[in-house]
Amino acid sequence: STHCISSAASDVYKRQSLNIPTSKDPCAQPSFHNATLCDAAKPFRHLISLRLANCSSYLSLSFTALKSLSTLQSLSLLNCPVAPIRLPVDLALSLTSFTCVNSLRKLSGVWLSNLLNLTDLAVSDVNVKASGPFVILARMTKLQTLTISNANLTGSLPGHLHSNLTHIDFSNNRLKGNIPPSITMLDSLQFLNLSSNSLAGEIPASIGDLISLKN
């Protein structure tokens, strides 16, 4: 069974089946394994955070049910190797945090690129099919923390990254080419991990310009 309580909330609070058993109010706190979090709206509370962990093999996330989660801000899938899901546009735009670890079996760069308003993106231990990170990141102008690791990601490091990034982890992929000097212009960057790729050339001399770098 999953380590979560299942629910869906919309402008008028209602439950929709996500094929996950539930017998409790998903807005009650603390929720089972901290799986859900709701806002304080009245008269109906809205689900703003959903965490699905260690999912059963029969779990499915239907498009109809996901349409009811238009207020969701944070979605985490941990060890949930379910079939890839189609996200409604409203849900894709409402998410500010998306975590996918050993889940969804595979992802595409185009699918991820639709999450335009993310501030936090973490994808690990799942294949990501894309011609390079730029396809994923080009329109994510609000992103602050970025992890795409052990994802079989190909291509080269993007020549431009948004300046508000504080965390970048591209470790354990198949990235090639040089480390672009533009990466050393990220004044807020505190963490950088490019290990276990096929990068070539020298580390830019301007790496010392990363005044906030700690790791």
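My entries follow, from the whole chain down to single residues.

**Ground rules**

I am working on a predicted model, where local features need pLDDT of at least 70, side-chain atom pairs count only at pLDDT 80 or more, and totals for chains, interfaces and linings use all residues. Residues are numbered from 1 along each chain as its sequence is written, and side-chain values use heavy atoms, with hydrogens and water left out.

**Whole chain**

I began with secondary structure and found 4 helices and 12 strands in the protein chain. Helices (H or I, at least four residues) and strands (E, at least two) are DSSP runs, numbered from the N terminus.

Next I looked up burial: of the 215 residues in the protein chain, 47% are buried. I use buried for under 20% relative accessible area, exposed for over 50% and partly exposed for in between (1.4 Å probe, protein chains only).

The accessible surface is about 10500 Å², and carbon and sulfur atoms hold 53% of that. These areas come from the Shrake-Rupley method with a 1.4 Å probe, and for residues only the protein chains shown count as cover.

I then turned to contacts (heavy atoms within 4.5 Å). Among those with a separation of 6 or more, 42% join residues 24 or more positions apart.

**Nonpolar core**

A nonpolar core here is a set of buried Ala, Val, Leu, Ile, Met, Phe, Trp, Tyr and Cys residues joined through side-chain atoms within 4.5 Å. Which residues have the most contacts inside the largest one? They are Phe98, Leu112, Leu115, Leu121, Ile136 and Phe170, in a core of 54 residues. Elements that each supply at least two residues of this core include strand S2 (47-53), strand S3 (74-78), helix H2 (89-94) and strand S4 (97-101). S2 gives the largest share, 3 residues.

Phe98 sits in strand S4 and is buried, with a relative accessible area of 0%. Its C-alpha lies 5.2 Å from that of Leu121, a residue 23 places away in sequence. Not counting residues up to four places away, Phe98 touches, among others, Leu75, Leu77, Trp111, Leu112, Leu115 and Leu121.

For Phe170, again leaving aside neighbours within four places, the contacts include Pro133, Leu137, Leu146, Ile148, Leu194 and Asn197.

**Cavities**

How many cavities of 30 Å³ or more does the whole structure hold? The search finds 2. On a 1 Å grid over the protein atoms alone, a cavity is a set of points where a 1.4 Å probe fits but cannot get out, and lining residues have an atom within 4 Å of a point. Points are joined across faces, edges and corners, and a volume is the space filled by probe spheres set on them.

The largest cavity has a volume of about 50 Å³. Of its 10 lining residues, Leu50, Leu61, Leu66, Leu69 and Leu75 lie nearest its centre. By class, its lining has 10 nonpolar, no polar and no charged residues. For these classes, Ala, Val, Leu, Ile, Met, Phe, Trp, Tyr, Cys and Pro count as nonpolar, Asp, Glu, Lys and Arg as charged, and the others, Gly among them, as polar.

The second largest cavity holds about 40 Å³. Leu137, Met140, Leu143, Leu146, Leu161, His162 and Leu165 line it, which I filed as 6 nonpolar, 1 polar and no charged.

**Positive phi**

Most residues other than glycine have a negative phi. I therefore flagged two asparagines for a second look. Asn79 has a phi near 55 degrees and lies in the loop between S3 and H2. Asn102 has a phi near 50 degrees and lies in the loop between S4 and strand S5 (106-108). Both count as partly exposed, Asn79 at 33% relative accessibility and Asn102 at 37%.

**Two last stops**

Is Ser49 buried or exposed? Ser49, in strand S2, is buried because its relative accessible area is 18%. Beyond four places in sequence, Ser49 touches Ala35, Thr36, Leu37, Leu72 and Ser74.

Ala200 is in the segment after strand S12 (198-199) and is partly exposed at 42%. Its C-alpha is 6.8 Å from that of Lys176, 24 residues away along the chain.

Terms used
On a 1 Å grid over the protein atoms alone, a cavity is a set of points where a 1.4 Å probe fits but cannot get out, and a pocket is an open set with protein on both sides within 12 Å along at least five of seven lines; lining residues have an atom within 4 Å of a point.
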